[in-house]
Amino acid sequence: SLASACWVRYAERVLGRPVTAHLCTAKSPQQVMGSLVKDYFARQQNLSPEKIFHVIVAPCYDKKLEALQEGFPPALYGSRGADCVLTSGEIAQIMEQGDLSVKDAAVDTLFGDLKEDKVMRHDGASSDGHLAHIFRHAAKELFNEDVEEVTYRALRNKDFQEVTLEKNGEVVLRFAAAYGFRNIQNMILKLKKGKFPYHFVEVLACAGGCLNGRGQAQTPDGHADKALLRQMEGIYADIPVRRPESSAHVQELYQEWLEGINSPKAREVLHTTYQSQERGAHGLDIKW
């Protein structure tokens, strides 16, 4: 299975069915958040979805295209999940132009309280996907193994890393994280040749992951700010980890909004399908 929050559009438009057949059907965080805001939050506030203008702050420009492509079925919600996507770099520019300080901004939560005002993060090597969480879950569900420490092993370079689970001297789970198009291209070649050894691969288009996204703040000459990137990595690493299953709010959402785990509504809201179309068939295609 291949999982990605940013590379899916490219896979659909360029690589086609040989690759999209292996894509994880879980929606991206942006898509899930759109459903959460325009459905659950709207109901909590007694608002119709079209009365809510939902702005996403993202680390890359690809999320803008995703917002254009992903609209809710009108019969269900009547509006897009995300009405506007701004990159973090654009937010920084807006704040500089308006002489605003993030320190003065009020903090709120989707649930309208400050019980969880402390910022938490999911388990992972950086700000990217959920490989570590999925690996632990698979190890427990499939092999009844409790994995405390997930160890990443760099292979070709630091942006292609492997995680394995061994049992009785045999590798029973083999996961990988492939970041940047050079690593992704090598992975796709192996897949097409039938020499793909992985059960799960987390794919991100930007080398270095989402913290190094092209939409992040850059130096005045338009390059990635490496000093700022190292600072962000350190800040992110210091944020406490909370596994999703331990969150009372996550449990509340499954019961009150999704009607239980693995319910028909949960499958409808949290999963998607993919289409393989002819290259260049749409004017919104990104040129990579």
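Which residue with a positive phi follows helix 3? Select N46: its phi is near 55°. Keep in mind that this is a predicted model.

**Stop 1: helix 3.** Step back and select residues 29–44, which make up helix 3. Centre the view on L36, where the helix has a kink of about 30°. L36 is among the buried residues of this helix, as are G34, S35 and V37. Now show what covers the buried residues: the cover includes strand 2 (55–58), helix 4 (62–69) and strand 3 (84–87). Helix 9 (248–256) and helix 10 (264–270) are also part of that cover. Next, pick D39, R43 and K265, which a network of salt bridges links. D39 is buried.

Stop 2: Go to S28, in the loop between helix 2 (17–20) and helix 3. S28 has a relative accessible area of 6%, so it is buried. Its side chain makes a polar contact with the side chain of E66, at 2.6 Å. Beyond its neighbours within four places in sequence, S28 touches A5, K63 and E66.

Stop 3: Select K140 and D146, whose side chains meet at 3.3 Å, N to O. D146 is exposed, at 56% relative accessible area, while K140 is partly exposed, at 35%. Finish with K167 and E145, a salt bridge with its closest N and O atoms 3.9 Å apart. K167 lies in strand 5 and E145 in the loop between helix 6 and strand 4, so the pair ties together parts 22 residues apart in sequence.

Technical notes:
Residues are numbered from 1 along each chain as its sequence is written. This is a predicted model: local features need pLDDT of at least 70, side-chain atom pairs count only at pLDDT 80 or more; totals for chains, interfaces and linings use all residues. Side-chain values use heavy atoms; hydrogens and water are left out. The bend at a residue is the angle between axes fitted to the seven residues ending there and the seven starting there. Helices (H or I, at least four residues) and strands (E, at least two) are DSSP runs, numbered from the N terminus. Buried means under 20% relative accessible area, exposed over 50%, partly exposed in between (1.4 Å probe, protein chains only). Contact means heavy atoms within 4.5 Å. A polar contact is a pair of N or O atoms within 3.5 Å; within protein, one must be able to donate a hydrogen and the other to accept it, and residues adjacent in sequence count only if both atoms are side-chain atoms. A salt bridge is a side-chain nitrogen of Lys or Arg within 4 Å of a carboxyl oxygen of Asp or Glu.
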